[in-house]
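Please examine the sequence and the predicted model shown below. The paragraphs that follow treat its pockets and then one of its sheets.

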Amino acid sequence: MSGVSGVSRASEVSGVRGLSGVGGVRSVVATVVPGVVRAELRRLVRWPALWVLGSVWLALNLTFGYVFPYLTYRTGSSVGPGAEASLGQMLPDQAPLAVVQGMPMFGGALVLVLGALAVGSGYGWGTWKTVFTIGPRRGAAIGGTLGALGVMLAALVVATFAVDVAASTAIGLAEDQALVAPGLTDTLSGLGGALLIAAMWMGGGVLLGAITRGPALAVGLGLVWSLVVENLLRGVAGLLGSLETVTNLLPGTVAGSVAGAVGALPVSDPNGTPGVNTVWDGSAATLLLVAYLVAFALATVGLVRRRDLTG
Amino acid sequence: MTDDIVVTNALTKRYGDRVAVDGVSLTVRRGEIYGFLGPNGAGKTTTLRMLLGLVRPTSGAASVLGARPGSPGVLRRVGSLIEGPGFYPYLSGRENLRVLASYRALDDVAVEAALTQVDLTDRAGDRYKSYSLGMRQRLGVAAALLGRPDLLILDEPTNGLDPAGMADMRDLIRALAAEGQTIMLSSHLLGEVEQVCDRVGVIADGRLLVEGTVAELRGTASLVLRVDPLARALPVAARVVGAANVSTVDSALHLATEPSRAPDLVRAMVDAGVDVHEVVARDRSLEDVFFAVTNAAASGEVAK
């Protein structure tokens, strides 16, 4: 520690950063985005797990939304009106639906993993301990994480839309189809629905990360629930009618209803997507989904605030 | 403005039936280096966690910088390193500090200053996960130094450091104290505490056994005399240094007096016909104090 001989106090050469000295975009960001969110964004954008999971989602969305359907269409596995409908789903005006249709199940599972890792890993690394002793209230710190993850989700949804528009445009050009841009209303409802579904699943992952205070168990439990347990329960509900009331309220069912409400084809349709359903209408599904999101967020904040941090 | 920076009153933490911290009342004064000394599992870290609001006390009270522990206003004035550093492994040391600085609205200059203080500037751009244990510890101290805290709480700051690194850390702590920084330092390394601390609290089994300056705890030095016959030597020693300062241990005279009294004692013994076989001057170290009070506590001599 060579600096010891001439120890200089940090404050002698630094000061609390004022907004007035920061220019341009940084100034705007600093003004509108709370410090806790900026701090979390700063570390999240450099987190390899985020880029890996985001890339996997984009690849899955592209593969199952366009590559496989187009190969099926081109190889003649689908003929007649079904083939035309299949091609119609791959054109640019349907891109918002391509974004939302994968969210209830696979997209949701991936962002749940992201949420569980974002919070659970902090316990393993000891970073929550560091953050909670640096100044912000615990509620504000975890709120910053939720806010930053929300920003990341919004970016992911927009990136997915951009990829889907590009893929559908390429298919439209290859098949000599008229290229019609998606309507504004359709785009907003599709992307909004996708963001809401993703946020709900991520909130679930964040809560699991906080409950288990580690990434591995949170991810395992979340995946088993979203991909296995809910589907098993729905299967049992088909045999045991009284269970249907419960399964209709499960997060996956509600998320699927939001996707169905904005126009994604339900799994019961020949061209439908797993996870999409029409159990609830748009308003009810949206309300339930928001309720889940708020409940997950409040439960996380409450848990983090109340519990001793001993690890 | 009070000079008591940290005050605890009967601070207690229970986990079920286990009492981790048992009625600890201590005081850390402005500008001092307070050594919180105790064996592993004594309750040091739990106490420090309560002072930072990470753990809620079961009972008792604590005040840090005049306010409730863990409140944001207090935490912004406290730098801490508790039970090892906690950083994002995929970020560099510098980026880790920048993230933490964002929470306190500090600029990059503060980050560079902290890195310089712990001599980590050269490796600050490397990922944290590539750091050695000692470098991680130094980054933890750098994080604690961000933003000129009024109080530093360092839990085992020399963990993982090699001897040179430990010496550097001691120098850093002394230098910070010389600038008026108040430091609360926990350790199980007796020599470390003895070298750098002004006052010391000794904790064992969750209880604060003794608290005072290092000099107060060490008390006066002593002389050990092996003499024959012992019975004839006792009144002679009592006459020279006072009966209250005389005791016998393992057939030797233990005299609580300065070593400079040795010539007078030997002369008196010889004049009284006592043979003096050995005279040993003994400074009471903090280690002696530590084992004396912890052993006394273990045998029930220290009242709860």
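The lining of the largest pocket draws at least two residues from each of helix H3 (48-74), helix H4 (81-89), helix H5 (95-101) and helix H6 (103-125) of chain A; helices (H or I, at least four residues) and strands (E, at least two) are DSSP runs numbered from the N terminus. H3(A) contributes the largest share, 9 residues. A pocket is an open set of points on a 1 Å grid over the protein atoms alone, where a 1.4 Å probe fits, with protein on both sides within 12 Å along at least five of seven lines; lining residues have an atom within 4 Å of a point. The volume of the largest pocket is about 590 Å³. Among its 28 lining residues, A:Phe64, A:Gly65, A:Pro69, A:Gln101 and A:Thr273 are closest to the centre. By class, this lining has 15 nonpolar, 13 polar and no charged residues.

The second largest pocket, of about 480 Å³, is lined by 23 residues, with B:Gly53, B:Arg56, B:Arg68, B:Pro69 and B:Gly70 nearest its centre. Its lining comprises 13 nonpolar, 5 polar and 5 charged residues.

In chain B, an open antiparallel sheet of 4 strands has the order E12-E13-E11-E14; strands pair if DSSP finds at least two bridges between them. Strands E12 (246-249) and E14 (275-282) each have a single partner strand, so one side of each lacks a neighbour in the sheet. Between E11 (222-228) and E13 (252-255) of chain B there are 3 bridges, and B:Val224 has B:His254 as its bridge partner in E13(B).

This is a predicted model, in which local features need pLDDT of at least 70, side-chain atom pairs count only at pLDDT 80 or more, and totals for chains, interfaces and linings use all residues. Residues are numbered from 1 along each chain as its sequence is written, chains are lettered from A and ligands numbered from 1 in the order in which they are written, and side-chain values use heavy atoms, with hydrogens and water left out.

How values were computed. Points joined across faces, edges and corners; volume = space filled by probe spheres on them. Nonpolar A, V, L, I, M, F, W, Y, C, P; charged D, E, K, R; others polar.
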